[in-house]
Amino acid sequence: MSSTQTGAATGDRNSFVYVVAGLAALNGLLFGFDTGVISGAMLYIRQTFELTTLLGFSVNPSYVEGVIVSGAMIGAIFGAALGGRLADRLGRRRLILVGAVVFFIGSLIMAVAPTVEILILGRIIDGVGVGFASVVGPLYISEISPPKIRGSLVSLNQLTITSGILIAYLVNLAFSSGGEWRWMLGLGMVPAAILFAGMLFMPESPRWLYEQGREADAREVLSRTRTEGRVSDELEEIKETIRTESGTLRDLLAQWVRPMLIVGVGLAAFQQVTGINTVMYYAPTILESTGFEDTASILATVGIGAINVVMTVVAVLLIDRTGRRPLLLTGLAGMTGMLAVLGAVFYLPGLSGVIGWVATGSLMLYVAFFAIGLGPVFWLMISEIYPMEVRGTAMGVVTVVNWAGNLIVSLTFLRLVDVFGQSGTFWLYGAFSLLALVFCYKLVPETKGRSLEEIEEDLRETAVGNGLEDRSSKATKTDD
Ligand code: BGC
């Protein structure tokens, strides 16, 4: 199909690329919906099932609740671990299709679950789908985007994560009067079905196609997503950089890639240990302690979800203009400041009146700073900084670290509050946030406006400059 058939061409792109990225960003919606929906559903699951036995053993109900909530994260860890390699083997597009089916099945099982064990099974399957989606969504969009707008297009995935969380909060609110938790969880089938149906019509990543030796197909995809003039240039760049073999875990540990492995793992861990998900999962509990009534705290939680979405829109608009680093560093500085304030206000004896409002305001600003920085920039950077041959594997590994961090933080939050109090816990996250700021200032590169191949070439040159090995010498490339 020619560019004129698929949409208007502007600059180096064709408007069809927006359709492709927008649709693929539904992966983020699955992720966000799954994150936001469980806290609301849990309130009513408790009333349907006896949570005192699991697989015939008598257990503490709070333990069973913990398993239901964290089941999806455990599934996501597996999904992410498999997803990187699968994205290389099956292709990006096919893995998105598989992920949507898995997520759909998981949601269906939860909606009809006759026992708590089957509910947990559905939650784990759902989580595997989210794990796939979290790796392949940003990966696919990054590889299909022209460099100048890659930041915004990949960040659409974070925008749909935050929208998914907000939609889930609203769904919880809508179904709460009847306590219809099966509807809350089952609704996840809708975005999964749309993603599946839409992706059937979307093209494969041109970079993956080229790596498979399918140059003609890669050219065809580029001609659908770029203006005429850009197609050959970009294909040339891809040719110069991409090797035909996809890399293994060992290649990921090669010295020249290692600095970026450290950057990815560091960003993944810091994105979680700075505490964002304690707010996403426990906002009503935190807000109640600042003096809000039950319903008011649920509404304020919706407000927090909305701020998260709005500030992510700001990031989408800015990220290709300001670059990644300014947003990341500003966001982290703001998060550190807000966590320090939150620690201080919770340290005070009473949270009534003005102090209660300062606490709520700081919580909202903390989310806003996450949403312009660490939220979108993490997922964007990990789709940009790895060489093609290890990109899928690397993103899988880094995403596993992110989900594991998510699980650890959610499981330990209430315990930390018991031991250190709320103020101590916020200060702990604040200390991690300060560390993250130093880490990012020193180690995270700027990738704005450069093609994935230029970023890879720079990494190679820096390694050569530092006297490090370059395991995958260019000689391995064979033209088809
Ligand atoms: C994080 C999630 C988090 C969400 C909140 C994402 O970037 O990976 O763990 O729940 O942002 O907006």
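A: Happy to! One term to begin with: buried means under 20% relative accessible area, exposed over 50%, and partly exposed in between, using a 1.4 Å probe and protein chains only. This is a predicted model, where local features need pLDDT of at least 70, side-chain atom pairs count only at pLDDT 80 or more, and totals for chains, interfaces and linings use all residues. Residues are numbered from 1 along each chain as its sequence is written, and side-chain values use heavy atoms, with hydrogens and water left out.

Q: Great. Is E456 buried or exposed?
A: E456 counts as buried because its relative accessible area is 4%.

Q: What does E456 pair with?
A: Its partner is R460, in a salt bridge whose closest N and O atoms are 2.8 Å apart. A salt bridge here is a side-chain nitrogen of Lys or Arg within 4 Å of a carboxyl oxygen of Asp or Glu. R460 is also buried, because its relative accessibility is 4%.

Q: How many salt bridges does the structure hold?
A: There are 20 salt bridges. One of them joins the side chains of D34 and R123 at 3.5 Å, N to O. That pair links distant parts of the chain, with D34 in helix α3 (residues 26-48) and R123 in helix α6 (residues 116-144), 89 residues apart. Both D34 and R123 are buried.

Q: Which residues are linked in a network of salt bridges?
A: R207, R226, R230, D233, E234, E237 and E453 are. Within that topic, R207 and E234 form a salt bridge with their closest N and O atoms 3.1 Å apart. R207 is in helix α10 and E234 in helix α12 (residues 228-241), 27 residues apart, so this is a link between distant parts of the chain.

Q: Switching topic: where is S205?
A: S205 is in the loop between α9 (189-199) and α10 (206-211). S205 counts as buried because its relative accessible area is 0%.

Q: And what does S205 touch?
A: Leaving aside residues up to four places away in sequence, S205 touches R92, Y140, E143 and I144; contact means heavy atoms within 4.5 Å. The side chains of S205 and E143 are joined by a polar contact of 2.7 Å. A polar contact is a pair of N or O atoms within 3.5 Å; within protein, one must be able to donate a hydrogen and the other to accept it, and residues adjacent in sequence count only if both atoms are side-chain atoms. The S205 side chain also reaches the backbone nitrogen of W208 at 3.1 Å.

Q: How is the chain divided into domains?
A: Into domain 1 (21-202) and domain 2 (250-467), with bounds from an automatic or database domain assignment. Their centres, taken over C-alpha atoms, are separated by 21 Å.

Q: How many residues of each domain are in contact?
A: 40 residues of domain 1 contact 45 residues of domain 2. Two salt bridges are found across that interface.

Technical notes: Helix = DSSP H or I, 4+ residues; strand = E, 2+ residues; numbered from the N terminus.
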